Amino acid sequence: MTIDDTTAMSAALEAAAVVRASTSPNPWVGAAIVSSDGELVAVGSTEPPGGRHAEVVALDAARDALGSTSGSTLVCTLEPCSHHGRTPPCTDAIIAAGVTRVVVGVTDPDPSVAGSGIDALRAAGIEVEVGVLADDVDAQLAAYLHHRRTGRPYVICKLAMSLDGGIAAPDGTSQWITGEDARRDAHRLRAESDAILVGAGTVRADDPALTVRHLVGSDPLRVVLGTAPPGSKVHPCLEWQGTIDDLLDELGRRDVVQLMVEGGAGVVGSFHAAGLVDRYVLYVAPALFGGSDAKAAIGSPTAATITDIWRGRFDTIERVGDDVRIELIARHAQKAGS
């Protein structure tokens with residue numbers, strides 16, 4: 001069956017989603033090969049650092065299926081690389097494979113690529129089209145694109161709260177506001193993040209391990225604002241005494257593509273007040289504290305007037321077990337890929 005570019009790009013996006021938690025600091029890329037007669041014959045996704053990129057994985061699979069990739073179209077979510085890193089340039093592999101057309105979702109802002117991959121392909125006589133399902137690719141690669149453009153990690157703030165916005169009762173009790181499904185989903189966010197951050201107060205109060213559980217995934221770098229008491233489960237960790245801005249610069253230099261801020265309320269409030277959160281992920285339980293003295297999720301000063309309240313954009317709203325996950329994108333992060 002002959003398929004169009006949009007369908008092939010959708011297949012590449014699906015392939016990329018599978019490896020979201022395993023490729024960082026490299027981008028989680030998907031690719032698809034369409035034969036000269038319009039048939040989707042192979043897909044591929046980026047392997048862990050040091051392994052093959054998605055384009056090469058897909059080309060290898062297509063050769064196994066067809067014996068030759070001459071005259072085929074390669075569809076990939078991100079511009080193919082044209083430089084030597086841990087692996088040879090993907091553009092060389094594409095040219096050598098006899099591909100005649102390449103369809104790209106978005107260009108790669110990494111300074112080592114930044115259009116040079118597309119230029120190399122066109123110089124070799126390959127037709128290149130850019131922008132197919134670009135909005136979808138931008139959304140999937142938002143953290144990577146942000147890191148490469150700003151040098152800082154994409155900041156996700158995760159909050160678990162009651163329907164009326166409380167995260168703890170007046171006596172300080174707070175555990176398990178949301179259910180097991182929501183907690184498991186939050187561990188997916190941990191697995192997708194390169195670092196996770198809490199304040200020293202949270203470490204003293206809860207002694208969290210901040211590891212990935214409930215699913216397969218690597219533990220993120222653990223970051224504590226302040227000093228973690230000796231013997232805390234969070235060790236080994238990065239203890240930070242400087243400013244948040246300097247921390248984001250340092251984490252960016254360490255190839256932290258995505259930072260997950262887990263709290264507590266004062267730490268979340270600091271990031272929120274400084275406008276440093278790119279995405280908020282709220283797990284909301286069907287529960288009410290029912291008063292005005294529950295601990296609020298964000299410990300920053302309340303907006304003085306209605307015109308000063310923070311406004312973002314709802315991205316996704318999904319039911320997770322008995323709870324609801326709401327994702328908000330900050331206005332400064334609503335540009336494509338920022």
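**Exercise 1. The loop of Pro25**

Task: Find which loop holds Pro25, and state which residues its cis peptide bond joins.

Solution. Step 1: Pro25 sits in the loop between α1 (5-18) and β1 (30-34). Helices (H or I, at least four residues) and strands (E, at least two) are DSSP runs, numbered from the N terminus. Step 2: The cis bond joins Ser24 and Pro25, with omega about 10 degrees. Step 3: Compare the general rule: most residues other than glycine have a negative phi, and most peptide bonds are trans.

A word on the source: this is a predicted model, where local features need pLDDT of at least 70, side-chain atom pairs count only at pLDDT 80 or more, and totals for chains, interfaces and linings use all residues. Residues are numbered from 1 along each chain as its sequence is written, and side-chain values use heavy atoms, with hydrogens and water left out.

**Exercise 2. Another cis bond, and positive phi**

Task: Locate the cis bond of Gly264, then describe Leu133 and Asp255.

Solution. Step 1: Gly263 and Gly264 are joined by a cis peptide bond with omega about 5 degrees. Gly264 lies in the loop between β11 and α10. Step 2: Leu133 is not a glycine, yet its phi is positive, about 50 degrees. Look for Leu133 in the loop between β5 and α5 (134-140). Leu133 is partly exposed, at 22% relative accessibility. The cut-offs are these: buried means under 20% relative accessible area, exposed over 50%, partly exposed in between (1.4 Å probe, protein chains only). Step 3: Asp255, also a residue other than glycine, has a positive phi near 65 degrees. The loop between α9 (244-253) and β11 holds Asp255. At 39% relative accessibility, Asp255 is partly exposed.

**Exercise 3. Cysteines**

Task: How many disulfides does the model have?

Solution. A disulfide is a covalent bond between the sulfur atoms of two cysteines. Step 2: Apply the cut-off: a disulfide is a pair of cysteine sulfur atoms within 2.5 Å. Step 3: The count comes to 0 disulfides. For Cys76, the nearest cysteine sulfur is that of Cys90, 8.5 Å away. For Cys90, the nearest is that of Cys81, 3.7 Å away. Step 4: Check burial. Cys76 is buried, at 0% relative accessible area. Cys90 is buried too, at 1%.

**Exercise 4. The largest pocket**

Task: What is the volume of the largest pocket, and which element gives the most to its lining?

Solution. Step 1: Define the term. On a 1 Å grid over the protein atoms alone, a pocket is an open set of points where a 1.4 Å probe fits, with protein on both sides within 12 Å along at least five of seven lines; lining residues have an atom within 4 Å of a point. Step 2: The volume is about 1,100 Å³. Volume means the space filled by probe spheres set on the points, and grid points are joined across faces, edges and corners. Step 3: The lining has 39 residues, with Lys158, Ser174, Gln175, Asp206 and Glu262 nearest the centre. Step 4: α7 gives the most, with 5 residues.
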